[in-house]
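Subject: Handing over a structure

Dear colleague,

I am passing on the structure below, which you have not worked with before, together with an account of what was found in it. Please keep it open beside this message while you read.

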Amino acid sequence: MPVFASITPTFLVWEVKESLPELLSLLPADVSMPSYKSESRQMEWAVTHLLVQHILGRFALVRHHESGAPYIDGISQHVSISHTKGYVAVSITDEPLGIDVERKSNRAQRVRSRYMDENEGFSEAKEPEVEATLIWSAKEAVFKILPIQEGINFLTQIRTEKFPYTGEGSFMAVGKNSCDEWLYIVSYKIYPEFVLTFASHRNFTCQ
């Protein structure tokens with residue numbers, strides 16, 4: 001089982017180095033994959049289900065609500081899935097946990113003004129590309145467990161506090177709409193090729 005990182009026994013990250021046939025050979029022989037045209041999408045599907053299989057000790061099909069949120073029939077736990085080029089992360093937890101994995105690139109840096117401002121990010125000027133990728137990832141993680149997602153603006157309605165630049169740690173974030181605010185703690189790990197974030201509820205307040 002080529003798990004790259006085990007955050008907890010039910011929260012795993014896989015670095016995808018195998019070919020598609022190798023991945024499929026690790027799944028039960030009677031499993032039928034959806035007819036995705038892209039091989040990369042097929043590999044993400046296979047790795048996702050291999051991680052679920054490892055966590056649960058059995059194969060289980062991941063389905064999706066109309067909102068896109070993943071779930072597994074027959075279990076009450078919260079399922080969260082994320083993937084970026086070369087990596088897939090899956091968590092299955094009793095309490096909601098939003099996870100996100102983002103490969104480092106200048107893409108987030110190029111559009112950072114669309115989702116963050118000078119009041120967010122590192123408390124000292126360091127690694128702007130990593131900072132932008134990390135804040136984007138954090139807001140994706142928070143978004144996944146917001147009680148209300150429709151119409152959420154990442155710049156104005158998901159806000160993160162300033163925090164020191166370190167390889168791993170945590171910081172606070174707030175998600176809000178016109179009436180309600182939700183407080184989250186976002187934990188993160190910075191790896192050489194990607195960043196990993198995971199958000200959990202701290203409390204709920206209604207204005």
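This is a predicted model: local features need pLDDT of at least 70, side-chain atom pairs count only at pLDDT 80 or more; totals for chains, interfaces and linings use all residues.

Aromatic rings

A pair of aromatic rings is described by the distance of the centres and the angle of the planes. The count in this model comes to 14 aromatic pairs. In one of them, the rings of Phe4 and Tyr87 have centres 5.5 Å apart and planes at 70 degrees, and because an angle over 60 degrees counts as edge-to-face, that is how this pair is classed. Phe4 belongs to strand E1 (residues 3-8) and Tyr87 to strand E6 (residues 87-93), so the pair ties together parts that are 83 residues apart in sequence. The two partners can also be described by their accessibility: Phe4 is partly exposed, with a relative accessible area of 34%, whereas Tyr87 is buried, at 3%.

Another pair is formed by Tyr115 and Trp136, whose ring centres are 5.1 Å apart and whose planes stand at 70 degrees, so this pair is edge-to-face. Tyr115 lies in the loop between helix H3 (107-110) and strand E8 (121-122), while Trp136 lies in helix H4 (residues 128-144), so the parts tied together here are 21 residues apart in sequence. Tyr115 is buried, with a relative accessible area of 2%, and Trp136 counts as partly exposed at 26%.

Ring pairs also link Phe122, Phe163, Tyr165, Phe171 and Tyr188 into a cluster. Elsewhere, a ring meets a charge: the charged end of Arg41 sits over the ring of Tyr36, 4.4 Å from its centre.

Nonpolar cores

Which residues of the largest nonpolar core touch the most other members? Among its 26 residues, they are Tyr115, Leu134, Val142, Leu146, Phe163 and Val186. The elements that give two or more residues to this core are H4, strand E11 (168-176), strand E12 (180-190) and strand E13 (194-206), and of these H4 gives the most, with 7 residues. As for Val186, once its neighbours within four places in sequence are left aside, its contacts are Ala138, Val142, Gly169, Ser170, Phe171, Ala173, Thr197, Phe198 and Ala199. Apart from this core lies another, of 23 residues, among them Leu12, Leu27, Trp45 and Ala46.

The largest pocket

The largest pocket holds about 680 Å³ of space. Of the 36 residues that line the largest pocket, His64, Gly68, Ala69, Pro70 and Ile81 are the closest to its centre. At least two residues of the lining come from each of helix H2 (39-56), strand E3 (62-64), strand E4 (70-72), strand E5 (78-84), E7 and H4, and E5 gives the most, with 6 residues.

Single residues

Glu102 is found in strand E7 (residues 97-103) and counts as buried, because its relative accessibility of 10% is under 20%. Leaving aside neighbours within four places in sequence, Glu102 is in contact with Thr84, Arg107, Thr133, Trp136, Ser137, Glu140, Phe194 and Val195.

Met43, which is placed in helix H2, is also buried, with a relative accessible area of 15%. Not counting residues up to four places away in sequence, Met43 touches Val16, Glu18, Ser19, Leu20 and Leu23. The C-alpha atoms of Met43 and Pro21 are separated by 9.2 Å, and these two residues are 22 residues apart along the chain.

Asn119 has its place in the loop between H3 and E8 and is partly exposed, at 48% relative accessibility. With residues up to four places away in sequence not counted, Asn119 touches Arg159, Thr160 and Lys162. From C-alpha to C-alpha, Asn119 and Glu22 are 46 Å apart in space, and they are 97 residues apart in sequence.

Most residues other than glycine have a negative phi. Glu127, in contrast, has a positive phi of about 40 degrees although it is not a glycine. Glu127 is found in the loop between E8 and H4 and is partly exposed, with a relative accessible area of 43%.

With best regards

Definitions and conventions
Residues are numbered from 1 along each chain as its sequence is written. Side-chain values use heavy atoms; hydrogens and water are left out. Rings of Phe, Tyr and Trp (its six-membered ring) pair if their centres lie within 6.5 Å; planes under 30 degrees apart count as stacked, over 60 as edge-to-face and the rest as tilted. Helices (H or I, at least four residues) and strands (E, at least two) are DSSP runs, numbered from the N terminus. Buried means under 20% relative accessible area, exposed over 50%, partly exposed in between (1.4 Å probe, protein chains only). A charge sits over a ring if NZ of Lys or CZ of Arg is within 6 Å of the ring centre and within 35 degrees of the ring normal. Contact means heavy atoms within 4.5 Å. A nonpolar core is a set of buried Ala, Val, Leu, Ile, Met, Phe, Trp, Tyr and Cys residues joined through side-chain atoms within 4.5 Å. On a 1 Å grid over the protein atoms alone, a cavity is a set of points where a 1.4 Å probe fits but cannot get out, and a pocket is an open set with protein on both sides within 12 Å along at least five of seven lines; lining residues have an atom within 4 Å of a point. Grid points are joined across faces, edges and corners, and a volume is the space filled by probe spheres set on the points.
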